[in-house]
Amino acid sequence: MCDKVRYQIGYGNAMEIRMATMKDKETVLGFCRHTFSWGDYIGDVWDRWLVSCNLYVLEEDGAIIGAYHIAFPENESWIEGMRVHPRHRRRGLGTKMMSHAESVIKKGRIRLVVESENRPSINLVKFVGYELEEEWRLFLMSPERQASSASVAHALSRDVIPDLTLTYQDSWRWQPLDTMALEKLSRGGRVLAFMEGSRASVGIWNRSEDFPMTFQLGLVGGTAKGFDEILKLAKNMAYSMGCERIQVFAAEKTMVDSPLLEKRSLFYVMKKDLGKIYNL
Ligand SMILES: CC(C)(COP(=O)(O)OP(=O)(O)OC[C@H]1O[C@@H](n2cnc3c(N)ncnc32)[C@H](O)[C@@H]1OP(=O)(O)O)[C@@H](O)C(=O)NCCC(=O)NCCS
């Protein structure tokens, strides 16, 4: 049960955005069945998002026709899973939910990710003031026993990593990769590194929060040779953990192109600064 302040915005008598309840699940999953060519993932995350108390639905005349979630990873703000019922698109409802999110988040930087072919979504987020922060490419790889010269690095300075990315991925949420974040990730055993002289190639790994059999790795800076060694280590780790698949994320600027990887979609990490206080 959510015991936070219950947040609600009215849009005239007939429309409101409110926290989702268990009862809304079936309706939302009903209109999300064919969101993308492969279906949708909302059914896999709904229960977890619901207990976070930051899952919202848009209701008009008693009918649920929109939904979205806000996450707060490491005190950052992340918007995800925005869905408008296919029959109600292009009526400004996505815009209303984005503005609702801002009124909940109130201050600081908001991020979200959109697939580079998803024109409606890109147009919507640009329309409400988001700008591109980084481009990340998704690759797939399979778990496998592999020898590798890379290792887990428990302490690593930013200065030894060439072309370090601005952000890193954690369960499909991108967060800033500043000095503090890198230190924390290193202490947590999340940093994989390969040294060539005084230069390090670096990857950051995690188990997906939403899909426990999925190992994720983000390549955040380094050389082609270094990345290859890190990929082999990741294959080995995922195999030892019993994971079924590996998702690898590489910033497009690194131009990673390893034979170990199967290339998939490009994603845009978008950001917007709210400044200090949102005026209701
Ligand atoms: C993306 C989505 C949430 C947009 O919701 P929406 O309610 O239709 O968006 P809005 O009506 O507020 O549109 C705002 C602006 O976004 C742009 N836009 C929205 N849909 C568009 C489309 N199909 N083609 C081009 N531009 C589009 C337009 O600039 C639009 O302003 P305009 O109508 O005045 O030209 C909706 O299309 C959707 O649910 N898509 C499937 C799920 C998805 O892709 N979610 C986001 C990825 S996580």
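The exercises go from the whole chain to single elements and residues.

The model is predicted, so local features are taken only at pLDDT of at least 70 and side-chain atom pairs only at pLDDT 80 or more, while totals for chains, interfaces and linings use all residues. Residues are numbered from 1 along each chain as its sequence is written.

**Exercise 1. The overall fold**

Determine how many helices and strands the protein has, and compare its radius of gyration with that of a compact globule.

Solution. Begin with the elements, which are DSSP runs numbered from the N terminus (helices are H or I with at least four residues, strands are E with at least two); the protein has six helices and 15 strands. Next, take the radius of gyration over C-alpha atoms, with the globule rule of 2.2 Å times the number of residues to the power 0.38. For 280 residues a compact globule would have a value near 19 Å, and the protein, with 20 Å, agrees with this. Along the principal axes, the C-alpha atoms fill a box of roughly 65 × 40 × 35 Å.

Then turn to burial and contacts. A residue is buried if 20 or more other C-beta atoms lie within 10 Å of its own, exposed if 12 or fewer do, and partly exposed in between, with C-beta atoms placed from the backbone; on this scale buried residues make up 39% of the 280 residues. A contact requires two C-beta atoms, placed from the backbone, within 7 Å, and of the contacts with a separation of 6 or more, 71% join residues 24 or more positions apart.

**Exercise 2. Strands 11, 12 and 13**

Describe how strand 12 pairs with strand 11 and with strand 13.

Solution. Pairing requires that DSSP finds at least two bridges between the strands. Strand 11 (residues 191-196) pairs with strand 12 (residues 199-207) in the antiparallel sense over six bridges, and Met195 has Ala200 as its bridge partner. The two strands form a hairpin with two residues between them, and Gly197 in the turn has a positive phi of about 65 degrees. Strand 12 also pairs with strand 13 (residues 214-221), again antiparallel and over six bridges, and here Gly203 is bridged to Leu219. This second hairpin has six residues between its strands.

**Exercise 3. Helix 6**

Compare the span of helix 6 with the expected value, and find the strands against which its buried residues pack.

Solution. The expected span is 1.5 Å times one less than the number of residues. Helix 6 (residues 224-240) has 17 residues and reaches 24 Å from its first C-alpha to its last, close to the 24 Å expected. Its buried residues include Phe227, Ile230, Leu231, Ala234 and Ala238. The buried residues of the helix pack against strand 7 (131-141), strand 11, strand 12, strand 13 and strand 14 (245-251). Just after the helix, Gly242 takes a positive phi of about 75 degrees.

**Exercise 4. The shell around the ligand**

Identify the residues that come nearest to the ligand and the element that gives the largest share of the shell.

Solution. A residue belongs to the surroundings if its C-beta atom, placed from the backbone, lies within 6 Å of the molecule. Of the 19 residues around the ligand, Arg89, Gly94, Thr95, Pro120 and Asn123 come nearest. Strand 5 (77-84), helix 3 (93-105) and helix 4 (119-127) are the elements that give two or more residues to the shell, and helix 4 gives the largest share, six residues.

**Exercise 5. Single residues**

Classify Glu74, Lys106, Met98 and Leu261 as buried, partly exposed or exposed.

Solution. Glu74, in the loop between strand 4 (63-71) and strand 5, counts as exposed because it has 12 C-beta neighbours inside 10 Å. Although it is not a glycine, Glu74 has a positive phi of about 50 degrees. Lys106, likewise not a glycine, has a positive phi of about 70 degrees; this residue lies in the loop between helix 3 and strand 6 (109-115) and is partly exposed, with 14 other C-beta atoms within 10 Å.

Met98, placed in helix 3, is buried because 21 other C-beta atoms lie within 10 Å. Leu261 is found in the loop between strand 14 and strand 15 (262-273) and counts as buried, with 20 C-beta neighbours inside 10 Å. Not counting residues up to four places away in sequence, Leu261 touches Phe139, Met141 and Val248.
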